[in-house]
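Please read them alongside the sequence and the coordinates.

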Amino acid sequence: MPVLHNRISNEELKARMLAETEPRTTVSFYKYFHIDDPKAFRDVLYVCLTKLNVFGRIYVAKEGINAQVSVPESQFAAFKTALFASHPALDQVRLNIALEDDGKSFWVLRLKVRERIVADGIDDESFDPSNVGQYLKAEQVNAMIDDPDAVFVDMRNHYEYEVGHFDQALEVPSDTFRDQLPMAVDMLEEDKDKKIVMYCTGGIRCEKASAYMLHKGFKNVYHVEGGIIEYARRAKEQGLPVKFKGKNFVFDERMGERISEDVIAHCHQCGEPCDDHTNCKNDGCHLLFIQCPTCAAKFGGCCSDICQTELKLPREEQRALRAGRENGIKIFNKSKGLLHSTMHIPVPEKE
Ligand SMILES: [Zn+2]
Ligand SMILES: [Zn+2]
């Protein structure tokens, strides 16, 4: 019986990875396809990838696989062969190679069986996430932009849409993907005969959304292959006009990759054009919001006077204040207007 999980301490594993001299390639991939026995599939894949010294995290569910892994360079060809052979649905699956990555983010392989690869809250047994819409490559996306019969639908969060989106794309203003699916169906009720083009950051959400629209009786459903990341990469590579305006928001230090020079968002404090997200410097707040350099200087990187004042207090007092505060909104929603000092911190009611 092979060992199907690691038995060495986390620290030891991390030290081993850091001591490696061979470069690693970080790659992500996902695929919706039906897996009868996710546990058995997981075990076979685990044995096979462990032999190749692959690290990372992989989720397997009845609806498919979602993975981000790092592979030693010398094993990359073997990795591809093994992955493509592991299931007919994974043959030639698109691998997204992370260019700006040193391959040091993983030091162990975690392969988990989950209920879903993307949580969707759908309770309908007859929904088949592998019955997805048609893929659009960059040049096809551009043709669709010019097609008056096509409706672009952004399947990301409001703060992602705010700093960048395709021209005239519809925003589905919900806080979670679960709420977004039924909301998109409602919003598009009148457009049932149109071409529905869905997109998200890397493709995994809009692909499921496209399957859901088909499930709900929409006939012409498309989605941007590989999401905004792949669209921008291909459009630039092929010298096509880039129809995505602004920034593609990503959760790393950069808080977004600039796709076009357009700045379509505004500072949440003064309203000047700006699309730089930041977290409030007050750790007791840490609100995600957009702040221009002028306001950053004026508020010391804080979201409000209150946070700025609080940040100057002795640590003990800061902690005491935090303890009594409920954890409220952590992401500023522009539909609530500009930020003002009492926005998200409860203050005593006025007379
Ligand atoms: Zn400002
Ligand atoms: Zn704050």
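1. Helix α7 (residues 204-215) lies across β10 (195-199) and β11 (221-224), and runs at about 180 degrees to β11. Axes here are lines fitted to C-alpha atoms, for helices over the stretch in contact, with angles from 0 to 180 degrees between N-to-C directions; contact requires C-beta atoms, placed from the backbone, to lie within 7 Å. Helices (H or I, at least four residues) and strands (E, at least two) are DSSP runs, numbered from the N terminus.

2. This is a predicted model, in which local features need pLDDT of at least 70 and side-chain atom pairs count only at pLDDT 80 or more, while totals for chains, interfaces and linings use all residues. Residues are numbered from 1 along each chain as its sequence is written, and chains are lettered from A and ligands numbered from 1 in the order in which they are written.

3. Strands β10 and β11 belong to an open sheet of five strands with parallel pairing, in the order β6-β11-β10-β7-β9, where pairing means that DSSP finds at least two bridges between two strands. Because β6 (134-136) and β9 (170-171) stand at the edges with a single partner strand each, one side of each has no neighbour in the sheet. Strand β7 (residues 150-154) pairs with β9 in the parallel sense over two bridges, and V153 stands opposite L170 in β9.

4. Another open sheet of five strands, with mixed pairing, has the order β4-β1-β3-β2-β5. Strands β1 (residues 24-32) and β3 (residues 64-72) pair in the antiparallel sense over nine bridges, with V27 opposite V69 in β3. Helix α2 (residues 38-51) lies across β2 (55-61) and β5, running at about 170 degrees to β5.

Technical notes: Contact = placed C-beta atoms within 7 Å.
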